[in-house]
Amino acid sequence: MTEEEAESKLQIKIYSVDEIATYIKSLIEQDKCLQHIWVTGEISNFRCSNKGHIYFSLKDEKSIIDCAMFQRAAQHLVFTPQDGMKVIVEGYVDVYKPRGSYQIIIEEMKLTGQGELYIKYLQLKAKLEKEGLFRNEHKKPIPKYPKTIGIVTSLEGSVIHDIIKVTKRRYPHVKIIIFPSLVQGNEAKHTIVRGIEILNKINVDIIIVARGGGSFEDLWSFNEEIVARATYNSKIPIVSAIGHETDFTIIDFVADKRAPTPSAAAELVVPNEQEILGLFIQLEKRLCKQTSKVIEIKKQRIEYIISRPIFKRPHTLIDEYKQTLDENAIQLKQIVINKIDILKSELKGVDGKLNALSPYATLERGYSITMKEDKIISNIKNINEGNIISTIVKDGRIDSEVKRKNEGQNI
Amino acid sequence: MKAKTFEEALKEMEEIIEELEEGNVPLKESLSKFKDGVELLKFCNKELKEAEMSIQKIVDKDGKIKLEGFE
């Protein structure tokens with residue numbers, strides 16, 4: 001009996017291992033509680049891969065759970081984990097199908113020695129995150145070319161000098177306004193907030209809030225809620241630069257940009273003069289190139305027009321007309337001549353006919369015409385005896401007086 | 001030239017170049033745009049070179065704010 005036969009006979013579904021593993025994985029992934037957890041326990045079986053990922057188990061008296069912290073998160077660790085250390089981890093539960101195990105993927109890990117303060121940090125972070133203070137849509141853009149930079153930091157220590165040094169090197173054309181604040185102790189949070197507020201009034205282009213390295217407790221002022229809220233409420237973009245690269249404080253999440261160190265903050269905020277001058281040269285080149293290109297295009301068009309035959313040999317057009325005109329003239333002349341010839345021959349014919357009809361031709365043949373007072377006499381009734389009449393013969397005129405008229409008698 | 005700030009000037013110049021790149025600009029206009037571009041460059045250079053670095057600190061005493069030179 002094959003699997004399919006068994007399936008159809010028993011009316012059951014037989015799953016593959018992967019189907020079940022995938023289903024379990026999806027169950028865990030859908031569980032909101034397991035997707036963001038804080039767990040405390042003791043590290044055991046600690047291992048580190050050469051890619052920087054770390055693996056260990058977290059255990060207490062009763063249970064044990066595998067944990068993985070990938071390099072992306074592990075690089076921010078401020079201590080080297082060891083077996084036996086008591087820690088608090090923040091992360092989510094995931095199923096690793098190839099080994100059929102579930103594990104905690106760790107985003108952050110602290111020693112529990114730092115205890116309550118760290119839990120306070122985690123709680124405030126979770127609260128503000130939920131409120132949306134960390135959201136990208138609230139982040140203001142960092143101006144590319146600030147004219148005035150506000151700095152909230154202590155005048156003690158190297159931080160302020162580091163920022164000034166980097167600024168001088170990169171772009172010695174900005175105005176720096178420093179608000180000297182406390183960066184440690186109970187009062188620090190109030191001076192930091194005041195600094196942010198005053199620099200907002202002075203209307204600088206950007207604010208750097210900075211502090212040098214220190215312990216988790218030393219950096220605590222930058223985890224205070226009022227500092228986070230002042231940062232969030234600032235109308236002017238804020239770059240945070242607290243401690244070393246591995247230190248994360250709440251202000252880093254609220255700030256419009258986090259710089260890993262104070263010097264890095266200056267690098268980030270202050271443009272590089274050399275780059276700007278390079279940009280000028282580039283823009284100038286492009287401007288010249290484009291303008292000459294426009295001119296070149298127009299020139300080419302003119303050249304194209306000029307190269308057309310009509311502009312190259314303008315007389316050809318006239319010559320053509322001239323030739324046509326000449327030809328037309330010759331043709332016209334011919335037509336006129338022909339016409340004249342036709343008319344001439346027509347005229348000859350008419351002349352002959354005219355001659356044949358003329359009374360003079362009759363006279364030639366011996367007839368005569370008799371007239372009375374210039375009127376031809378064709379009727380005897382118009383004649384009276386005694387009238388003077390003229391007889392026209394071929395070579396002259398005879399005037400005579402009527403002696404007698406014989407009506408009805410011809411000869 | 002409309003630009004008032006360095007950033008605006010750079011942006012306007014980019015726009016001028018882009019318009020020229022499109023190639024449909026009449027000759028006269030393209031020459032005036034070129035002139036504008038040169039003016040903008042001059043303006044940017046001036047803005048850059050004229051600004052001297054200055055460092056001040058805020059003195060916040062009895063609710064009054066004052067600026068003092070630093071270093």
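Predicted model: local features only at pLDDT ≥ 70, side-chain atom pairs only at ≥ 80, totals over all residues.
Visitor: What confidence values come with chain B and with the complex?

Guide: pLDDT is the predictor's confidence in each residue, from 0 to 100. Chain B averages 83, and 96% of its residues score at least 70. For the complex, the predictor gives an ipTM of 0.79 and a pTM of 0.56.

Visitor: How many helices and strands does chain A have?

Guide: Helices (H or I, at least four residues) and strands (E, at least two) are DSSP runs, numbered from the N terminus. Chain A has 13 helices and 14 strands.

Visitor: And what share of chain A counts as buried?

Guide: A residue is buried if 20 or more other C-beta atoms lie within 10 Å of its own, exposed if 12 or fewer, and partly exposed in between, with C-beta atoms placed from the backbone. In chain A, 22% of the 411 residues are buried.

Visitor: Now the strands. Which partners does S1 of chain A have?

Guide: Strands of a sheet pair through backbone hydrogen bonds, either parallel or antiparallel. Two strands pair here if DSSP finds at least two bridges between them. S1(A), residues 37-48, runs antiparallel to S4(A), residues 86-96, with 6 bridges; Glu42(A) has Lys86(A) as its bridge partner there. S1(A) also pairs with S2(A), residues 54-59, in the antiparallel sense over 5 bridges, and Ser44(A) stands opposite Ser57(A). S1(A) and S2(A) make a hairpin with 5 residues between them, and Gly52(A) in the turn has a positive phi of about 95°.

Visitor: Which residues other than glycine have a positive phi?

Guide: Most residues other than glycine have a negative phi, and most peptide bonds are trans. Asn45(A) has a phi near 55° and lies in S1(A). With 13 C-beta neighbours inside 10 Å, Asn45(A) counts as partly exposed. Glu373(A) also has a positive phi, about 45°, but sits in the loop between S11(A) and S12(A). Glu373(A) counts as exposed because it has 10 C-beta neighbours inside 10 Å.

Visitor: What sheet do S11 and S12 of chain A belong to?

Guide: That's an open sheet of 4 strands with antiparallel pairing, in the order S12-S11-S13-S14. S12(A), 375-376, and S14(A), 396-401, are the edge strands, each pairing on one side only. S13(A), residues 388-393, is joined to S14(A) by 6 bridges, with Val393(A) partnered by Gly396(A).

Visitor: On to the interface. How many residues of each chain are in contact?

Guide: Two residues are in contact if their C-beta atoms, placed from the backbone, lie within 7 Å. By that test, 27 residues of chain B touch 28 residues of chain A. On the chain B side, H2(B) gives the most, with 8 residues. By class, that side has 17 nonpolar, 6 polar and 4 charged residues; Ala, Val, Leu, Ile, Met, Phe, Trp, Tyr, Cys and Pro count as nonpolar, Asp, Glu, Lys and Arg as charged, and the others, Gly among them, as polar.

Visitor: Which strands pair between the chains?

Guide: S7(A), residues 175-180, and S1(B) pair in the parallel sense over 4 bridges. Ile176(A) stands opposite Ile55(B) in that pairing.

Visitor: How are H10(A) and H2(B) oriented?

Guide: Axes are lines fitted to C-alpha atoms, for helices over the stretch in contact, and angles run from 0 to 180 degrees between N-to-C directions. Angles under 35 degrees count as roughly parallel, over 145 as roughly antiparallel, 65 to 115 as roughly perpendicular and the rest as oblique. H10(A), residues 273-307, packs on H2(B) at about 170° with the axes 10 Å apart, so the two are roughly antiparallel. Residues making the contact include Phe280(A) and Leu287(A) of H10(A), and Phe34(B) and Leu41(B) of H2(B).

Technical notes:
Residues numbered from 1 in each chain as written. Chains lettered and ligands numbered in written order.
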